[in-house]
Amino acid sequence: MVIKHKNIFKTESAWSNADEKLLCLDTGSWRTERPVLDKEKCNYCGLCALYCPPQCMKDMGDYFEADLAFCKGCGICATECPRNAIAMVPEGEFADEG
Amino acid sequence: MVEKTKKKSRVFNYFCEEDQFAGGVAWCSGCPLELTARFVPKVLGKNMVFVGTPGCAAPVLHGQNVGAWHRLAYMASVMTGVPSKATGLTRYYNRIGQDATVVCFTGDGCATDVGFQPLSGAAERNEKIIYITYDNEGYMNTGNQRSSATPLGAATTTTPVGKIGRGKTTVSKNLPLVMLMHRPAYMATATLSHLEDFAKKLQKAKEKVKKGFVYLHVFSPCPVGWRINSNMSIEVCRNAVRTNYFPLWEAEDGKPRFTVEIANPKPITELTKLMRKFSHLKEDGLAELQKAVDERYALVKSLCDAYK
Amino acid sequence: MKEIRIHGRGGQGAVLAARMLASAFVLEGKSVASFPMYGFERRGAPVVAFTRIDDKPIREKTQIYTPDCLIVIDPGLLALTTLFTGLKPEGVFILNSPKKLTEQPSENLKTSGVVNATQIAVEEIGRDIPNTCLLGAFAATTRWLKLQSLLDCLPDYLSGDILQRNLKSTERGYREVEVTKW
Amino acid sequence: MKAKKGQVRVITGNAVGAYGAMICRPEVVAAYPITPQSELAEQLAQFVANGVLDAEYVEVEGENSAMNVVLAASIAGARTFTATSSYGLVFMYDALQETASFRAPVVMVDANRETPGIHAVSSGQQDMISARDTGWVQIVVENDQEILDQIIMAYRLAEDYDIQLPVMVNYDGFYLSYLAEAVEIPPIEDVDTFLAPLKQQPGRQKLVPGVSIGCGTHGMEMGYVEARYKHCMALERVKNKVDEIDKAFGDYFGRYYGGQIEEYRTEDAEIIVLASGSAAGTVRTVVDTKREEGVKVGMVKLRLFRPFPAERLIKALKGKKAIGVIDRSLCFGWKYGPICMELKTLAVNIGAIPILSYIDGLANLDVNVPHIERVINEVNAAAQGKPYQEVTWIPMEE
């Protein structure tokens, strides 16, 4: 038998190693809407960041901003914001951004 | 700029670790399980080992060949072996003086059904393990089939509604109370709307696990399976607490106490209206569900009162 | 034999579309085989589904590596590098997109049918479920299947108001698809 | 360099199993009692209670958990031990496969007993047979001393860096588990010496908290194929390794067992009886008496069942005129017994000779002397060209 396969695992059994390969999905592409913040209303309480399931809200010092690479557009931040400072806007509005 | 009256929420202070998961992972948008999975290591710290099993968490908790979706040590198990594997790990780490928090992380399908026997065994042996159940009241990873945590009257793909079928015909197994009867070192119910309550319980769990078995039951509604709009899943958790559908309580060494008491609970319809899981229930069905909720709450309350 | 490969995301009805297509061809006396490929089901995760049609019974049980026709339900998937691999010469391409195809996406691709199925689905069904609309576009672009066969098979899968809305969405896909010969 | 003479005790097979485990210094032990193995689990608990065995002894709520406890502890780096039988073994079935596929070097004793379906609390190798595709190494012993010695050898095999596989040491329930024989228990320091070579080998992958490494990742496409291929190649390496370890054991402790198989009076034999387990002892006696009557018969004792010792069997059986295989179990879907069925796959290498399958010794029935005499007579007749019956359920014909 002539083996052509190059080993995937260094180990005998199936082990993963995050230092060698941390996987990540382009979940940002799942979105049909994105959160848009009205900074006037925001009081930096951070509930949007705390409740965000992908925990992808970045702390910008006096407000939080969703990382659009991962935000799935679920809209929880908009629902949970005590000051209704976040609106969910259809992706179509940003289509030309490429 | 609005004058910054409020400082950042206190919950941020409970975090002792960065988010251990990659930004993009395979959980549905709006899923409370994703929040739970990311939240737990932020509070418990990185020096933990996850033991997980097929279920909604598996595609993220367990890797794909060499690739992993997070930086935590983990062991993948089938549903029959989670707390018993955790036992093997915690016993050996304890023996060699390796500091570690061994955390089982399974759904209700494993905890209340397939893996109930080893869970009960590990609890009775008071193993130094934190067992966390994310309870979405059914087998959601495989498309919303019923589990023994599925409530009375709920529609699932194996308890469908039809000319005759009216959803699940039996009341769900009350796993938190069953685990109370195992007298664990510490146990608690928690959910994602009450993050500070959840964070406090995780910190207490990390302390108490040094003494013995810890059980955490996290109410984690499934947007897809329960047909909730993805932006409403935290609100569903909140209303579950406010209707006493999912009371928040804890117990140290078997003595239960409420951590959040609802002065005047809302009717169950405040919860059921947020989802289509119960949409086929008419007044009689909703009344029956309300009765089941009230009875269950009364039982927990009587136990808490007994230890006041 | 015709081999059709459908690319979508979890929750967009790719698997259902493949099966509906098979049912429609059965109404025209064809042998069919349809199956999906995905690991765990996740809303948003890529899914591929296959449908084979032939005059004689279909015996292969493999994925489709050299499709005669590609149906792409989510325009985001155009970024998938492997999308066009194996497309047969004279290949047909059905795309759900709000934008026109300005240049030939792949040299083997001779015919393309583009329609804003998401838009039509939102208008007719009230939600972004573009699969039936794209099947209408498929029938118009390939001419391998009569529209009526598609409409006749939908009741096996849908009923009531949802059925009526999907019938309209399919018809609009059939009429409004923009067919281009490259 | 030879080991010192050990202490001799007259104890049952089960107690021997406990001693065998104890002197190998396991760190995590989990066992659930089941007839006929219970005394082993009790003896281990007693060792721990008396401070003779320093191990985490986990009183599990069932065999499935027993296997999971030792599997995980082993993956964390511990030396582990467990023991079960029949119903318990099949209850572990999913964990058995995980233990082997995770390549955890767990050592387990299986006191063989009929599997459930037809409820029976009696001896038979059906449980071992029913677990032959779980990826474990399976070895079968003949007497009490061999139980102890094989457990020591099992650790040196399982934890060998080139192997990294769990090993199941099988002995007949009832016939050995309850049989008291004089057994030499080597000093624990000598066992340490015998197992010391393992310490010079590279360390295997361990699960450590705080380290971003995960055990049991999904095997995706070629990842899965690769892991299975490595597992099967390791099983191939087991065969020579078993022979090497047997030699090293004999050189040091003075007792050789033959490794994968033992060949008893086979050099000039024309016909062979293939047997395994405690029945092989009885076969030896009948071979001797038949030899005195001028019958050129020998015995091959199968010790290694998984991986199947094909090469050694071909070498031992090539050129013989006929073979009789005594199976103490059955093979659903084949008329032959399982060991016979597997031996038949080697027929093309051994030669077109009669291979007679005998099913005997189920459910505590004896593989007794008259049965073995009948086997040898029929095989001898077949060797001389007389017609023969391919499969015989001996008890059914009495």
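Me: Which residues are buried in helix 14 of chain D?
Reply: In this predicted model, helix 14 of chain D covers residues 369-383 and packs on a sheet, where helix 14 touches strand 11, strand 12, strand 14 and strand 15 of chain D. What covers its buried residues includes helix 10 of chain D as well as those strands. The buried residues are D:His371, D:Ile372, D:Val375, D:Ile376, D:Glu378, D:Val379, D:Asn380, D:Ala382 and D:Ala383.

Me: How many Å does helix 14 of chain D reach from its first C-alpha to its last?
Reply: Helix 14 of chain D has 15 residues, and at 1.5 Å a residue a reach of 21 Å is expected. The reach computed from the model is close to that expectation, at 21 Å.

Me: Which strands stand at the edges of the open sheet of chain D, and why is one side of each left without a neighbour?
Reply: The open sheet has six strands in the order 10-12-11-14-15-16, with mixed pairing, and its neighbouring strands are turned by 20 degrees against each other on average, direction ignored.

Me: What is the bridge partner of D:Ile326 in strand 15 of chain D?
Reply: Strand 14 (residues 322-327) and strand 15 (residues 355-359) of chain D run parallel and are joined by five bridges. In strand 15, the residue bridged to D:Ile326 is D:Tyr358.

Me: At about what angle does helix 10 of chain D run to strand 12 of chain D?
Reply: Helix 10, residues 279-292 of chain D, lies across strand 10, strand 11, strand 12 and strand 14 of chain D. Taken against the direction of strand 12 (297-302), the angle of helix 10 is about 170 degrees.

Me: Which element of chain D gives the largest share of the side that touches chain B?
Reply: The contact takes 38 residues from chain D and 33 residues from chain B. On the side of chain D, the elements that give two or more residues are strand 3 (56-58), helix 3 (63-76), helix 5 (93-101) and strand 9 (213-215). The largest share, 10 residues, comes from helix 3 of chain D.

Me: Which residue in strand 9 of chain D is the bridge partner of B:Met75?
Reply: Strand 2 (residues 73-76) of chain B pairs with strand 9 of chain D in the parallel sense, over two bridges. Within strand 9, the partner of B:Met75 is D:Cys215.

Technical notes: Residues numbered from 1 in each chain as written. Chains lettered and ligands numbered in written order. Predicted model: local features only at pLDDT ≥ 70, side-chain atom pairs only at ≥ 80, totals over all residues. Contact = placed C-beta atoms within 7 Å. Helix = DSSP H or I, 4+ residues; strand = E, 2+ residues; numbered from the N terminus. Pairing = 2+ DSSP bridges. Axes fitted to C-alpha atoms, helices over the stretch in contact; angles between N-to-C directions. Expected span 1.5 Å × (residues − 1). Buried ≥ 20, exposed ≤ 12 C-beta atoms within 10 Å, placed from the backbone.
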